[in-house]
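Student: I am new to this structure. Please show me how to read its features.

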Amino acid sequence: MIVIALLSRIPLAFIPKDLTWDGAVYLMNAKWFAGQKIFFEALRPPFLSSFFSIFMSLGITSEIFFRIIVSLFSAMSIFLTYYVAKKFFGEKAGFLSAAVLIFLPIHVLWTPRILTGIPSSVFVLLSILTLWKGIKDEKYLYISSFFAALAFLTRYPLGILILAMYVFLLFKKTNIKNIIISFAIYIATVAPWLIYNFLRFGDFLYSFKEGIKYSGVSTQPIYFYLVTLPKSFSFLILVVLFGLLFSIKYIKKDEKLQLLAITILIFGIAMCLFKHKEERYLLPIIPLLIIFSSYFAEKINWKKWVPFVVVLTIASIPFAIPHYSNCYGIKEISQNLNGVVASEYWPLTAYYGNVKVAVLPPKEEYFESFLRAKNVSYIIAASNGWWPPYASNFSFYDSKAYLEFVKETNDSCHTYRLYRVKL
């Protein structure tokens, strides 16, 4: 299964794609941890960037290399999904779960992106697996807390995982002493990051507070994820829905189903209440949802069901072929600059230009004083930029006598303009 997982995921790293905003931040934070003090965004969880920084310290900076790393995490999530389903419900459940995840459009699409959703799912799976073992052997309970902490340090919303764990442990009437020790291990794992925050910012919780502060806004309804699941799963949603309905009937009899259900439910409610919603935010918990729905695999006559599942899987393949935008203009416009650059896409300019960046002020009246205070040398404007509101209006820059137009470049997303500051 590990070979199949690798073959299904590693090639995705080599498909041309632009770097996302968040991906640029994680790479620049990695450079910061590796000693290159160019750009740092404190609101990001540290694990992925810290892991990348090990390779950057060795001189490895290739973007393709880091795409391969996250694709390896994706392959590992497939294998662990197979392994956990097999251990929980049997061999057929394992193969079904892995097959669904391999062809799942949302999982394929985000596999090679330098983001935290899929890497964090690896730690969620490891935490759930060891938590179940911890019911009989307490040392696994402590290991589970360690993996839960790594999940949290990879993606902050997964702090909710520790709540799900303890709800289940209390339901199982686990020894309180063991729960306290496991929580101490959780805190000890997170502690180095808390200490770093205090030493640098004077606040143990600075990064978490920044994450909440800049979590964004959304007009999406509370039921957003329910209506987007069919798109994320394509025709495989029919397999998952059937499995969910089948598993619910047995939930009172099977404690492993209860563990999965508690975790999925608590995480799902938290995500629905979270004000900013995106389809990819479900990636950390999707493997557990698939495993939960695979329970039926050991209970049915597969001679009748195999053709149906195969047809649905084949029908889902066209939707699992990833299509990425080709927005490389920011890379071209950010080259060969120096000083401080104010850019609407500041993490990408910092990454591609290897220069210090500044975020444009929210209002036009602060613009000139901002340029002086930050000692800005260049400005990169984008025709479809989203922040601040005035920044995508090229006539605003053209009207300033102290700005000199340098060049313009285009891609499928934007027209970019570069201006030199003469103050």
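Student: Which order do the strands of the open sheet have?

Tutor: Strands (E, at least two residues) and helices (H or I, at least four) are DSSP runs, numbered from the N terminus. Two strands pair if DSSP finds at least two bridges between them. Here five strands form an open sheet, ordered β2-β1-β3-β5-β4, with mixed pairing. β2 (356-358) and β4 (403-410) are the edge strands, each pairing on one side only. From one strand to the next, the twist averages 25 degrees.

Tutor: This is a predicted model: local features need pLDDT of at least 70, side-chain atom pairs count only at pLDDT 80 or more, and totals for chains, interfaces and linings use all residues. Residues are numbered from 1 along each chain as its sequence is written, and side-chain values use heavy atoms, leaving out hydrogens and water.

Student: In which sense do β1 and β3 pair?

Tutor: β1 (residues 340-343) and β3 (residues 376-382) are parallel, over four bridges. V341 stands opposite Y378 in β3.

Student: Which residues of helix α3 are buried?

Tutor: Buried means under 20% relative accessible area; exposed is over 50%, partly exposed in between (1.4 Å probe, protein chains only). In α3 (residues 47-57), the buried residues are L48, S49, F52, S53, F55 and M56. They line one face of the helix, because they fall within an arc of 160 degrees seen down the axis of α3. That arc is of the directions from the helix axis to the C-beta atoms.

Student: What follows α3?

Tutor: G59 follows α3, with a positive phi near 90 degrees.

How values were computed: Axes are lines fitted to C-alpha atoms, for helices over the stretch in contact, and angles run from 0 to 180 degrees between N-to-C directions.
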